[in-house]
Amino acid sequence: MLETVQTTSHDDDILANAMKPANFQKAVNNWVPHDIALKDAWFPLAHSFAVEAKPVRRSVYSQPFYLWRENGVAVASEFHPNDSERSSKSIYSDASGRYPVLERYGYVWGWYGNPANADPVHLPSIPYLPEEGNLPQHMLGTVRFDCCAPLSLENLIDLTHADFLHADVVGDEKMDKEVVEVFHDSETITMVRSCTNKSVAPIMKRFGGVKDDVQQVRQVIRIYLRSHAAIAYGRFSPGDNVQLFHPCVPETRDRTRLDYTMNTSNVKKSNPFRYLMPKASYKVSRQDSYMTSPQSPRYMNPEKRKDLHSPLDEAGQKYRVLMQALAERQAHGDFSYRDNVSADCSDIIGYDGK
Ligand SMILES: [Fe+2]
């Protein structure tokens, strides 16, 4: 018992130490995203509609996850049901190769890690997705990045990139005032960006019925570190709120699958934005891929060039440090959750149910 107490206090120090100014920049610069493979997490492996009686194959860090339904209930297994070899030696599944699995928010989630630690309490809170799923398929989509998942998320949480890389969809950098706030605990990081009189997103101007030239914008990116899943929530005035769930499943260490949901149920049925906005992800993800795909392999090859992240990108830097602190804690054998990821985060992201 004494041993456990000592381990806990030592591991608490890992995050506190990494956040100290003397250590922070070193941790930021030591970032090698491919080295980090966190365990004991739920991953949204597939949209619920994609899982039927016939198995589909997914993977987490190259570990196979076959998904199918038995009497309507989703199952996840290391093996295809037709495989003759069924006895598992994997530490991630039970003796018959089955993984812990659950279904929520319109996804089949598989547990990657010690099956004994699987618990629905570790499922991320996504307030604007109905728990039972069932959103129409035009709000769902799938894209892939030839890039490791933490790089995709690091790119996402520095939302200022959108003004430049996605200006043709979400609007340019012109505005009167910008405030960025960053909050974190040991399992999540949340970035809130408030913009005053920002250029209206072209997609809202062309298809969303917004006539003004500027709008007030509040954008939130919240990342569930272990599940590599992000909430991207935007409030636009005038305009409709954007409710995107953006999970980055690490299929391999260098390939990411994004089964996204853009819930546009809040947008009037007569407004084409309701149908077009979810499809914009295909264009936006191509633009992101253009930046992150060449970046990813550079971390695999030693080189003298410096990793020139922006010192103004507090969220991106903290994301790196938090991920490394979790990885270090796991390297010491501590896989526990210190913070509750399934607690309703409506207040944190500024979601009021509309
Ligand atoms: Fe982007």
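**Note on selected helices and loops**

1. V267 sits in the loop that runs between β15 (255–262) and α7. Helices (H or I, at least four residues) and strands (E, at least two) are DSSP runs, numbered from the N terminus. This is a predicted model, in which local features need pLDDT of at least 70, side-chain atom pairs count only at pLDDT 80 or more, and totals for chains, interfaces and linings use all residues. Residues are numbered from 1 along each chain as its sequence is written.

2. V267 is buried because 21 other C-beta atoms lie within 10 Å. The cut-offs are 20 or more other C-beta atoms within 10 Å of a residue's own for buried, 12 or fewer for exposed, and partly exposed in between, with C-beta atoms placed from the backbone. Leaving aside neighbours within four places in sequence, V267 is in contact with D240, F273 and R274; contact means that the C-beta atoms of two residues, placed from the backbone, lie within 7 Å.

3. F273 and R274 are among the buried residues of α7, and so are M277 and P278. Helix α7 covers residues 273–298, and its end C-alpha atoms are 38 Å apart, in agreement with the 38 Å that 26 residues should span at 1.5 Å a residue. The expected span is 1.5 Å times one less than the number of residues in the helix. A kink of about 35° is centred on S289 in α7; the bend at a residue is the angle between axes fitted to the seven residues ending there and the seven starting there.

4. How do the axes of α2 and α8 cross? The axes of helix α2 (residues 21–29) and helix α8 (residues 314–331) cross at roughly 90° and come within 9 Å. Axes are lines fitted to C-alpha atoms, for helices over the stretch in contact, and angles run from 0 to 180 degrees between N-to-C directions. F24, A27 and V28 of α2 meet Q317, R320, V321 and Q324 of α8.

5. In α8, 13 of the 18 residues are buried, so the helix is mostly covered. Just after α8, G333 has a positive phi of about 90°.

6. Two residues other than glycine also deserve a look. N71, in the loop between β3 (63–70) and β4 (73–77), has a positive phi of about 50°. N71 counts as exposed because it has 6 C-beta neighbours inside 10 Å. N197, in strand β10 (residues 188–199), has a positive phi near 50°. N197 is partly exposed, with 14 other C-beta atoms within 10 Å.
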